[in-house]
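Subject: Structure for you to look at, with notes

Dear colleague,

I am handing over the structure below, and my notes on it follow. Please read them with the coordinates open beside you.

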Amino acid sequence: MKKIEAIIKPFKLDEVKEALNSIGIQGMTIVEVKGYGRQKGHKEIYRGAEYIVDFVPKIKIEIILSADMVDKAIEIIQKTAKTGKVGDGKMFVLPVEQAIRIRTGEKDLEAI
């Protein structure tokens, strides 16, 4: 099993979710996060005062899936989250040793 963590622009969430659902990925966890990468934030003007936004709002999607689905999921996320502009996001793939469904006690792939 693997865990994909994808950090994307907030307005791309629905499109990414629908694309993942279309290949059979049903469960995911969504977290609103803030951060910055190469773009290092940006300047905004509010009521005539300029200020720097150091941390840009993003969405982090966490998905646990079987190892054979990872490449397909990465391809789908990259294709649907891409705008071609700085700040599109990043993906990380991590190993998952075990998953347990609390309600039934099912383990690993049966639990996801």
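By way of contrast in distance, the C-alpha atoms of V16 and R101, which lie 85 residues apart along the chain, are separated by 25 Å.

On confidence, the protein chain averages a pLDDT of 90, and 95% of the residues score at least 70. Among the elements of the chain, β1 has the highest mean pLDDT, at 97, whereas strand β3 (residues 42–46) has the lowest, at 69. Where pLDDT is low, the predicted coordinates should not be read in detail.

Now to the sheet. Four strands form an open sheet, with antiparallel pairing, in the order β2-β5-β1-β6. The edges are held by β2 (29–35) and β6 (89–95), each of which has a single partner strand, so one side of each is left without a neighbour in the sheet. From one strand to the next, the twist averages 20 degrees.

Taking the pairs in turn, β2 and strand β5 (residues 56–65) are joined in the antiparallel sense over seven bridges, and within this pair I30 stands opposite I61 in β5. β1 and β5 also pair in the antiparallel sense over seven bridges, with E62 in β5 as the bridge partner of E5. For β1 and β6 the pairing is again antiparallel, over seven bridges, and here I7 stands opposite K90 in β6.

Helix α2 (residues 70–81) lies across β1, β5 and β6, and runs at about 5 degrees to β1.

In α1, the residues L13, V16, A19 and L20 are buried. Seen down the axis of α1, these buried residues fall within an arc of 135 degrees, so they line one face of the helix. On the other side of α1, E18 and S22 are exposed, while the buried residues pack against β1, β2, β5 and α2. Just after α1, G24 takes a positive phi of about 95 degrees.

The length of α2 can be checked against expectation: at 1.5 Å a residue, its 12 residues should span 16 Å, and its end C-alpha atoms are 16 Å apart, which agrees. The buried residues in α2 are V70, A73, I76, I77, T80 and A81. Viewed down the axis of α2, they fall within an arc of 130 degrees, so they too line one face of their helix. D71 and K79, on the other side of α2, are exposed, and the buried residues of α2 pack against β1, α1, β5 and β6.

Leaving aside neighbours within four places in sequence, A19 is in contact with I76 and T80, both of which are among the buried residues of α2. A19 and I76 are 57 residues apart in sequence, yet 6.6 Å apart in space, C-alpha to C-alpha.

Which residues does K9 contact, once its neighbours within four places in sequence are left aside? K9 is in contact with K58, T83, K85, V86, G87 and D88. The place of K9 is in the loop between β1 and α1, and K9 is buried, with a relative accessible area of 14%, which is under the 20% cut-off.

With best regards

How values were computed: Residues are numbered from 1 along each chain as its sequence is written. This is a predicted model: local features need pLDDT of at least 70, side-chain atom pairs count only at pLDDT 80 or more; totals for chains, interfaces and linings use all residues. Side-chain values use heavy atoms; hydrogens and water are left out. Two strands pair if DSSP finds at least two bridges between them. Helices (H or I, at least four residues) and strands (E, at least two) are DSSP runs, numbered from the N terminus. Axes are lines fitted to C-alpha atoms, for helices over the stretch in contact, and angles run from 0 to 180 degrees between N-to-C directions. Contact means heavy atoms within 4.5 Å. pLDDT is the predictor's confidence in each residue, from 0 to 100. The expected span of a helix is 1.5 Å times one less than its number of residues. Buried means under 20% relative accessible area, exposed over 50%, partly exposed in between (1.4 Å probe, protein chains only). The arc is that of the directions from the helix axis to the C-beta atoms.
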